[in-house]
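Dear colleague,

Here is the structure I promised to pass on to you. Please have it open while you read the notes that follow.

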Amino acid sequence: MVVGPQDLPKVARWLGKMVRRFRSLLTQIKAESGWNELEREINDTKADIDKDIRTLKQDTDISRELHEGTKDITTELDKINQEVR
C-alpha cells in the first residue's frame, strides 16, 4: 500500500482512531468477561508465592547457619573430649 504525502495525515488519524477503538473494545471485553478479576487474582497469587519463596529462602539460610554452628560445636566438643581422655 502506497500513501502520498498529502494523504499521510489522514491515514495516521484513521489508524489512531482504529487503535483507540480496538483498545476500547478490548477493555470492554475484559470487563464483561471477568478477565480483569482473573488477572487481579493471578497477580495476587503470584505476589503470595513470591512472598512465600522469600520466606523459605530466609528459613533455609537460617537452617544452614544453624547446621554449620552445630557442626562447629560438635567439632569443638570432640576436641575437648579427646583432650580430657
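Helix H1 (residues 8–33) has 26 residues, which at 1.5 Å a residue should span 38 Å, and its end C-alpha atoms lie 37 Å apart, in agreement with that value; the expected span is 1.5 Å times one less than the number of residues, and helices are DSSP runs of H or I with at least four residues, numbered from the N terminus. Just after H1, Gly-34 adopts a positive phi of about 85°.

Please bear in mind that this is a predicted model, in which local features need pLDDT of at least 70 and side-chain atom pairs count only at pLDDT 80 or more, while totals for chains, interfaces and linings use all residues. Residues are numbered from 1 along each chain as its sequence is written, and side-chain values use heavy atoms, with hydrogens and water left out.

Lys-17 belongs to helix H1 and, with a relative accessible area of 47%, is partly exposed (buried means under 20%, exposed over 50%, and partly exposed in between, with a 1.4 Å probe and protein chains only).

Turning to helix H2 (residues 35–84), Asp-52 is found there and counts as partly exposed because its relative accessibility is 46%. Glu-65 also lies in helix H2, and its relative accessibility of 57% makes Glu-65 exposed. Although Glu-65 and Asp-50 are 15 residues apart along the chain, their C-alpha atoms are separated by 23 Å.

Methods: Helix = DSSP H or I, 4+ residues; strand = E, 2+ residues; numbered from the N terminus.
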